[in-house]
Amino acid sequence: MKVIHFISGGDTGGAKTHVLSLLKNLLKLNIDVSLLCIMEGVFTEEAKELGIPVKIIPQEKRYDITVFGKIAEYINNSGADLVHCHGARANYITLFIRHKVKIPMITTLHSDYKLDFAGNFKKNLIYTPMNAFALRKFSYILTITKSFRDMMEKRGFKAERLKVIYNGIDMENVPPVISKTEFLEKYCPGEVKNKLLVGIAARFQAVKGVDVFIKAAERVLNKRNDTAFLIAGDGDDSETLKNYVKEHNIKGIYFLGQLPYDVIDSFYNALDINVLSSYSESFPYALLEGGRRKRASVSTLAGGVAEMIDNEKTGLLSPVGDFEKLGDNIDRLLSDEGLRNMLGKNFYNKINSDFSLVSMAKRHVKIYSEVIENEKA
């Protein structure tokens with residue numbers, strides 16, 4: 001079986017982690033996989049380092065349609081049995097080439113497509129409806145949470161076209177980390193080594209709710225001076241978020257920028273509490289990565305988070321957008337080391353038993369086989 005995974009190549013968040021982890025484990029199952037991208041970046045470099053074959057057909061601008069024919073020709077001459085798409089840009093390109101491509105194409109829904117471009121009026125106006133239309137043309141859509149599957153059914157997508165596959169994380173080959181002291185000295189621009197550390201790693205886009213995290217941090221910092229808040233990431237809202245911290249004169253919040261992929265585990269390792277404050281989510285790797293380090297998790301109740309975290313058992317949950325409750329949950333854990341340790345250990349055990357890479361990859365192979373056989377019938 002040969003499968004091409006088609007994604008823009010500019011992704012830096014959970015979709016990147018998901019695709020690279022999936023391809024690495026499909027290779028272990030002797031599935032012939034490759035990556036097709038329309039731009040170079042961190043994503044494609046990491047893929048090459050993992051030994052994943054990468055083909056880049058550059059599309060300099062989103063409205064450059066000259067690459068469509070090249071992509072269709074490459075797929076048809078590749079000998080592949082199936083194309084697996086990821087992300088809005090790959091989805092809408094397949095909309096224009098699907099009649100030219102001779103093999104089945106499926107896609108994974110990594111996020112709520114109606115919110116992918118929230119906060120960017122122009123992109124939201126153009127690309128959201130294009131992606132929504134493109135999604136309806138796929139034979140199968142893989143959703144990484146049951147809540148996403150239910151959401152798609154409510155929007156009129158046929159249930160038989162929707163397949164649930166949870167994200168997985170590698171619990172056997174856990175990346176090495178540098179010490180907490182070394183990480184803070186190298187990447188944190190302030191004196192925080194004697195502080196309790198609360199952190200978030202996220203793209204600076206409206207849907208990720210980094211503004212909620214900052215307001216929750218402000219609430220906590222108004223009550224205690226033994227804590228520092230670390231923010232790893234970058235994106236469109238960077239200037240707005242930094243200006244808020246500056247204008248409100250909030251001391252104790254540190255922007256670390258976009259950390260290298262081989263440092264992110266060291267970031268989680270340095271934390272006492274890992275936070276996710278999104279307005280919408282699928283099955284966030286940010287929680288899995290923190291949980292793999294047995295760090296206590298505090299999250300908003302967005303998307304598939306409820307399928308990952310049991311409130312009060314494996315983490316603490318708050319309503320979406322409720323920075324007061326989020327802040328109170330953080331403050332509660334800061335004051336209770338025993339509870340932090342218990343939640344971190346419990347979440348680690350759940351990840352280890354329920355969300356492995358092996359099961360994720362095997363589930364994909366089963367679906368690939370079904371799709372290919374159905375197409376032949």
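**Notebook: what α8 packs against**

I looked up α8 and α9 to start: helix α8 (residues 210–221) and helix α9 (residues 238–247) have axes that come within 10 Å and cross at roughly 15°. That angle makes α8 roughly parallel to α9 (under 35 degrees counts as roughly parallel, over 145 as roughly antiparallel, 65 to 115 as roughly perpendicular, the rest as oblique). Axes here are lines fitted to C-alpha atoms over the stretch in contact, with angles from 0 to 180 degrees between N-to-C directions. Helices are DSSP runs of H or I, at least four residues, numbered from the N terminus.

Note on the source: this is a predicted model, where local features need pLDDT of at least 70 and side-chain atom pairs count only at pLDDT 80 or more, while totals for chains, interfaces and linings use all residues. Numbering runs from 1 along each chain as its sequence is written, and side-chain values use heavy atoms, with hydrogens and water left out.

Next I checked who touches whom (contact means heavy atoms within 4.5 Å). From α8 I have V210, D211, I214, K215 and E218, and from α9 L241, Y244 and V245. I sorted these residues into five nonpolar, no polar and three charged.

Then I turned to α12 (residues 323–334), which packs with α8 at about 55°, axes 8 Å apart. That makes α8 oblique to α12. On the α8 side I listed V212, F213, K215, A216, R219 and V220; α12 brings F323, E324, L326, G327, D328, I330, D331 and L334.

Technical notes. Helix = DSSP H or I, 4+ residues; strand = E, 2+ residues; numbered from the N terminus. Nonpolar A, V, L, I, M, F, W, Y, C, P; charged D, E, K, R; others polar.
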